[in-house]
Amino acid sequence: MNVFNKMHQGDLYHPDDQQVAAIQQRCLEKLYDYNQTRPSAGPERQRLLQEMFAEIGLGCYVEPPLHANFGGHHVHFGRGVYANFNLTLVDDTHIYVGDWTMIGPNVTLATAGHPILPELRQQGYQYNLPIHIGRNCWLGAGVIVLPGVTIGDNVVIGAGSVVTKDLPDNVVAFGDPCRVVRPVNEHDREFYTRERKIDPKLLG
């Protein structure tokens, strides 16, 4: 089995493989260019994102600086995804983000891990597990999502949470470790925050 198969199947491998390093360097050159763009360079940013990401849907906005191990090479964004400053994508394997998901500042989506056993870490071994994030989610500022986690649709994750396990659809979750606190419910159709009411006209 070659190193590229191991990268995407959760097997232990050495990330300093020369073939891997060569691809990674090319990806990081494009990422560097993206992070040097001016705020007015919208079309140039979109062109670069199309080149950098595995998939990126219409209407996505990724605020520089963006940090990514492979420059987004293994990242799949649906339509209308918004990512604020300092998104960190540890994209050694695939990251999937559904349509209309919003990502706050300083969020980390980390697919890579290292063995607990120190003898294996000393040898430089790594493994990767994909991350799946559903549609219409909101990840608050500073959220960390760990390798292999799947997050359902319409999930809100509170700021500073560390997501270590899968989350189902239609829930509000927060904490370290992150846990489900409640479902998205009828109260949320009436109030957008605390006791501030939603104008019914906004819901059609």
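Analyst: Buried denotes under 20% relative accessible area, exposed over 50%, and partly exposed the range in between, with a 1.4 Å probe and protein chains only. The model is predicted: local features need pLDDT of at least 70, side-chain atom pairs count only at pLDDT 80 or more, and totals for chains, interfaces and linings use all residues. Residues are numbered from 1 along each chain as its sequence is written, and side-chain values use heavy atoms, with hydrogens and water left out.

Rings of Phe, Tyr and Trp (its six-membered ring) pair if their centres lie within 6.5 Å; planes under 30 degrees apart are stacked, over 60 edge-to-face, and the rest tilted.

Phe-53 and Phe-77 make an edge-to-face pair, with 5.1 Å centre to centre and 75° between the planes. This pair links distant parts of the chain, 24 residues apart: Phe-53 is in the loop between helix H3 (42-52) and strand S1 (55-56), and Phe-77 is in strand S4 (residues 75-77). Helices (H or I, at least four residues) and strands (E, at least two) are DSSP runs, numbered from the N terminus. Phe-53 and Phe-77 are both buried.

Tyr-61 and Tyr-82 form a stacked pair, at 5.9 Å centre to centre and 5° between the planes. Because Tyr-61 lies in strand S2 (residues 61-62) and Tyr-82 in strand S5 (residues 82-83), the pair ties together parts that are 21 residues apart in sequence. Tyr-61 has 34% relative accessibility and therefore counts as partly exposed. Tyr-82, with a relative accessible area of 28%, is partly exposed.
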